Amino acid sequence: MSDKLPTPITQFNSNEELQSCLEWWQKKLGLQDWIIKSKITSELTDDNFHGENEFNVVGKHSMIRIRPYDTVKGGEWIARQPQELVLVHELLHCLIYEIEYDNSESIELITYNQRQHQLIEDMAKALIMAKYNLTLDWFRNF
């Protein structure tokens with residue numbers, strides 16, 4: 001028997017594994033009334049994103065895309081980015097979302113959206129830490 005404690009899923013091995021993990025977190029986050037699909041794909045709108053969530057709040061449906069672990073841009077990150085963390089982050093977008101804007105975005109709107117995004121990331125890390133009994137130091141990649 002191994003004494004090693006479980007850690008977050010670093011890399012999903014299949015879309016089925018990703019969807020299974022999504023369904024576990026969906027229940028924990030109270031999103032059971034949402035229709036949520038996920039897939040591993042390189043087809044994201046921004047090359048710097050680990051994942052993205054295209055969702056409809058009124059219809060309560062969402063498509064989460066997570067970039068394959070070995071194709072994430074940026075090389076070695078100073079903070080660990082396990083794919084389970086990326087998934088939880090994207091699921092939280094269904095509960096906490098940024099304000100949509102047109103081409104005339106204000107500095108206030110930009111600041112608000114960045115703060116909302118930071119809050120989502122902080123909450124995702126807190127949830128991962130609670131599930132696996134980790135400290136914030138676990139995310140240090142050096």
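Biologist: What follows α3, and is its phi positive or negative?
Modeller: Asn-133 follows α3, and its phi is positive, near 55°. Helices (H or I, at least four residues) and strands (E, at least two) are DSSP runs, numbered from the N terminus. This is a predicted model, where local features need pLDDT of at least 70 and side-chain atom pairs count only at pLDDT 80 or more, while totals for chains, interfaces and linings use all residues. Residues are numbered from 1 along each chain as its sequence is written, and side-chain values use heavy atoms, with hydrogens and water left out.

Biologist: Which residues of α3 are buried?
Modeller: Among them are Leu-109, Asn-113, Gln-116, Ile-120 and Ala-124, where buried means under 20% relative accessible area, exposed over 50% and partly exposed in between (1.4 Å probe, protein chains only).

Biologist: And what covers them?
Modeller: The cover of those buried residues includes α1 (15-28) and α2 (83-92), counting contact as heavy atoms within 4.5 Å.

Biologist: Switching to the sheet, in what order do the strands come?
Modeller: The order is β1-β3-β2 in an open sheet of 3 strands with mixed pairing, and two strands pair if DSSP finds at least two bridges between them. The edge strands, each pairing on one side only, are β1 (35-40) and β2 (51-56).

Biologist: How many bridges join β1 to β3?
Modeller: There are 6 bridges between β1 and β3 (residues 61-66), and these two strands run parallel; Ile-40 stands opposite Ile-66 in β3.
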